[in-house]
Structure formats: C-alpha cells, structure tokens
Amino acid sequence: MSNCSPDSQAKVLIIDDDSYFLEMASEALSDICDVETYRNPQKGLKRAMQDPAPDLIILDVIMPTMSGYQICRELKQNTKTFNIPVIFVSSLEQISEITRCFDLGAVDFIGKPVQMPLLLAKVKNHLMMKLQRDMLEELATKDPLTGLDNKRSYDQTLQNEWKRASRDKSPLSLVVCDIDFFKKYNDHYGHGQGDSCLKKVANSIYKTANRSADLVARIGGEEFAIILPNVDKQGAWRVANNVLVNLRNKQLPHAKSEIHKYVTLSVGVATVMPDYKESPELLFEAADAAMYDAKQNGRNRVIAHQESDE
Ligand SMILES: Nc1nc2c(ncn2[C@@H]2O[C@H](COP(=O)(O)OP(=O)(O)OP(=O)(O)O)[C@@H](O)[C@H]2O)c(=O)[nH]1
C-alpha cells in the first residue's frame, strides 16, 4: 500500500457521474490522499485494474451505461482488485438496495447528499484499516531480509497454480536456485556481508523473472524458487539460464568459491502438465533433483529435469 507516509499518499478513486460531487469530494479528501475521479464508469473500472492500484474506491450506484453494482462485482471477481475496499455513495434509500451493496462486498455505504466531514472520517478510517491489513499481509507472506515472497506464500501459490494449470491444461514450470559455496562466503566475509549478498542475489533473480504471473520466493537460507505459470519447457529453460547469467554478470566477488571468482548459482528446472489428483510436491522434487544434479556436475550451471514433461 502506498499511503500514510509524507511522500507517498494513499490513492483514492472516485467513480460517479455527478461532477459536482466529484469536485466537492476531491476537495474534502485532498489533504489525506491523492484523489482520482472518473465520470465514465467503464474508464473508472479500467483505471481500478491498473497500477498503481487504488487503496480505496468510492462508487456511485446509479450511473448511465454501467451501475456501481456491476463495477463492484467485477472488482470483487478480479484477484488484483478484490481486496480494495469499496464505499458506495447513493441517494437510494430502500434498505434492500443498501444491503445489496454490502452483499456485493462493499465496506460502507453513505447516503446522498453526502456530508463531506462524514465522508472524510469514513475514508480515513477505512484507509487506516486497509493499511493494517496490508501490513499483516506483508508480515505473513514476505521474507523480511530480501523482501521476496516467503516459503509460506510460495507453498500457497504453487498449490493455486497447480490447480489452475490442471483446470486449464496448461504447463507449469518451477526453477530452483541455490547459491554455490555460500557457507564459505559467510565464513570468509561474515554473516552481515552474507545477508547483503543474499539481498543482491534476490534482487537479481527478481528482476530476471519479471512477468506479472511469476512468483519469486526465498524458500530456504540460500535457496530460491521461481514459479512460472503457463510457461513450457523451452521458456523455463530460458528463464533459468537468464537467472544464472544475470547473477554472474553482477560480478559479486566470492574469494572462497572453488569454481569462480564471482558468486554463482546452481539451478534446476522442471516443467509438468499438472494433474489435480497429484501433488505439486512432485514438481518441486523434480526441480530440486535437477538443482542437486547441477551441484554434482560442477555447479554454476542449469540442469533441466529429464522426465519432467512426460
Ligand atoms: N548470511 C546468511 N547466511 C545464511 C542464511 N541462511 C542460511 N545461511 C547460510 O548458508 C550456508 C549454506 O551452506 P550449505 O548448505 O553448506 O551450502 P553451500 O556452502 O552453499 O554449498 P553448496 O550449496 O554445496 O554449493 C550456511 O552457512 C548457512 O548458515 C541467512 O539468512 N543469512
């Protein structure tokens, strides 16, 4: 989330065909957040799906061409936007219409004409709760040293992608990377430098696997994994090689490596057409075994699991 620090404010999106309300609300909220307004519901919805994601959406119910209900339904069905809190504003008075907003996943409803101090108070409150939720989410899913996803998030994502690929009959690839002679690195440079090296390696891998569906995680001390949904054997091989070469090109000195003057990786890669009756652990075992082969065959190389897509 992007708010609550002086230099990066929360982003609030307002979608309403009433330009007077847009003007008044923008003015009322301008001290606590960046406000973006849309009179056109389709354009507002399109913006909501883009980066940087809004932290909160204020939504009118009745608009020409697309109702707030429809917009809210689309937001809640999309994995990118389902977490964004939605406050409805409307002159609708029937209790069934108001409860429908909550049924669709809204966090609040404000009746029109909107009292601006009330809008301000509610927006502040919901932004604070969103910030707290984001912090908890961060703690639960991120590795504090590198900022990558942690093992827990990796396990969850692998499960989800396994199910999705079984359903879609699409390939799923996994890359497992392990730093070579990292114990010697720590022993020589010290644990602090070791941590700093891990951060640089993490950054290099993260920048290499940069499609939005890819997930890069730290799954052990000096072990990283990249989940590549809908990527076939050739594609995964390419990513794995890029990971290897991009890190080597960083030229991080490793005085105690037995094979190179710079920090290197051993990389294993595997691809499967998942079957929902089987476990994603199969894919990990295949990629991990290939990584182990890379260690046995001189390190600083990529090895693909042989039977991986049969
Ligand atoms: N600095 C630092 N070191 C870590 C961290 N987690 C694990 N390590 C170290 O990583 C090293 C891994 O050592 P090994 O498993 O023997 O592997 P290696 O020395 O890289 O040897 P090969 O994998 O066979 O090339 C150990 O010394 C761990 O203490 C960490 O968070 N920070």
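At 42% relative accessibility, Arg 164 counts as partly exposed, a class lying between buried (under 20% relative accessible area) and exposed (over 50%), with a 1.4 Å probe and protein chains only. Its salt-bridge partner is Glu 161, which is buried at 10%. Both residues sit in helix 6 (residues 151-168), three residues apart, or about one turn of the helix; helices here are DSSP runs of H or I with at least four residues, strands are E runs of at least two, and both are numbered from the N terminus.

A word on the model: it is predicted, so local features need pLDDT of at least 70 and side-chain atom pairs count only at pLDDT 80 or more, while totals for chains, interfaces and linings use all residues. Residues are numbered from 1 along each chain as its sequence is written, and side-chain values use heavy atoms, leaving out hydrogens and water.

The whole structure holds 17 salt bridges, each a side-chain nitrogen of Lys or Arg within 4 Å of a carboxyl oxygen of Asp or Glu. Here are some of them:

| Pair | N to O distance |
|---|---|
| Glu 161 and Arg 164 | 3.0 Å |
| Lys 142 and Asp 149 | 3.1 Å |
| Asp 34 and Lys 11 | 3.9 Å |

Asp 34 belongs to strand 2 (residues 33-38) and Lys 11 to strand 1 (residues 10-15), so their bridge ties together parts 23 residues apart in sequence. Asp 34 is partly exposed at 36%. In the other pair, Lys 142 is partly exposed at 27%, whereas Asp 149 is buried at 12%. Asp 16, Asp 60 and Lys 112 are linked in a network of salt bridges.
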